Number of protein chains: 2
Amino acid sequence: MTSQPAPSRRRDAARSSERLLQAALDLFAERGYDRTTVRDIGERAGVDPALIARYFGTKGGLYLAALRVSSDGAPDADLLDLEHRSETLQRLDRIGPGPVLQSALRPHVDPDLQAATYTELQGRLVQPLQQRFRDAGLADPQLRAEIAVAAFAGVMVSRRSGALEQLAGASADDVLALTGALLHGLLDS
Amino acid sequence: MTSQPAPSRRRDAARSSERLLQAALDLFAERGYDRTTVRDIGERAGVDPALIARYFGTKGGLYLAALRVSSDGAPDADLLDLEHRSETLQRLDRIGPGPVLQSALRPHVDPDLQAATYTELQGRLVQPLQQRFRDAGLADPQLRAEIAVAAFAGVMVSRRSGALEQLAGASADDVLALTGALLHGLLDS
DNA sequence: CTGTGATGTCATCACCTGATGACGAACCCG
DNA sequence: CGGGTTCGTCATCAGGTGATGACATCACAG
């Protein structure tokens, strides 16, 4: 049995770090890593921002933890496959176009953060698409895959940031269908 | 006749402000507005950053000036049209995916900057595409246009930032062809 | 030559950011 | 009831940012 000491809800490290992590996921998705301050995170979490240092070391550490969460249990996704794309979209609507997709557009300054992020990006999104294009006998499979990922990231990031008028409010189904049409364009040589 | 006093090349306000503007265009395109500091701009321009205040007022003013330059003489562009897309790509390779495209992904914090940018974005890129989709009798023409612009912006920003391996080094012709295939996917219902 | 305005240089300000450590309070154990 | 550990709060630091104004230097008109 896992001991359940009924953590009395007044001082609870697990709860605090959880709230910080969730707030970080939200804010990173909305504003991106740079524009999010540790004070913002603390405020949204209702937790003193100094605790970020205690539980995650640095802001970068919190980012890496968020990266782990957002990729935890997320399978490789072939964005040209309807099922995969649908699951990915649902994930993104739930936890935001987390750290991974954003770094496809603008890489991190910190090499460690970018390296960790890039691994996820490459392995989970670029690779499956590359394989798909290669199987289809198309030229430049990796370039096609990268373009597809960059385009998909553009749509998802814009959708969350609210930069464009209708995209932010569009239904998940519409976005699913239209990004499908978009990406399938890359299958026509 | 415009008097040409042969500005003796030692103290030349026009030259200084020009260099600042060009440096700003480069850096905004590479790193984005937020990650670019006025000291960076001054250093690349070889000009004291304090002159930014003199000639442009604030960093935001310099941004607006850069926005004017990068849209000056840039016609409305239907990205589904090969010629238009080619010209737009050439522009972007020359002066970077300036302020306009970046704001399609992540809006500015400053309302003034975002408003000015959004006007350009909407009028020059979204509108023509919207018309095109409407003429084709497709549903949700504006949403389609916004998705197209977000996707295009994603590709262009990523290309310049070097976040993805091959995209940064790909030839303009390849990118032209593949973004074409990509965007034309949106013409299939 | 002189002085007046334009241009460039520099020090400095106020603010924000991430990070740190001291301190107090709550919890749990015996 | 103690005593040690965990947890939360707060003040503060160092570094960087955009902005500002005083000052020095040059150009050019008179």
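So, the surface around DNA strand D: its residues split into seven nonpolar, five polar and seven charged. Here Ala, Val, Leu, Ile, Met, Phe, Trp, Tyr, Cys and Pro count as nonpolar, Asp, Glu, Lys and Arg as charged, and the others, including Gly, as polar. "Near" a strand means that a residue's C-beta atom, placed from the backbone, lies within 6 Å of it.

Quick housekeeping. This is a predicted model, where local features need pLDDT of at least 70, side-chain atom pairs count only at pLDDT 80 or more, and totals for chains, interfaces and linings use all residues. Residues are numbered from 1 along each chain as its sequence is written, while chains are lettered from A and ligands numbered from 1 in the order in which they are written.

Now DNA strand C. Which residues are closest to DNA strand C? They are A:Arg10, A:Thr37, A:Thr58, B:Ala13 and B:Ala50, out of 19 surrounding residues. Helices H2 (38-45), H3 (50-56) and H4 (59-71) of chain A, plus H1 (13-31) and H3 (50-56) of chain B, each give two or more residues to that surface.

And chain A itself? We get nine helices and zero strands; both are DSSP runs numbered from the N terminus, with helices (H or I) of at least four residues and strands (E) of at least two. The C-alpha atoms of chain A fill a box of roughly 60 × 40 × 35 Å, taken along the principal axes.
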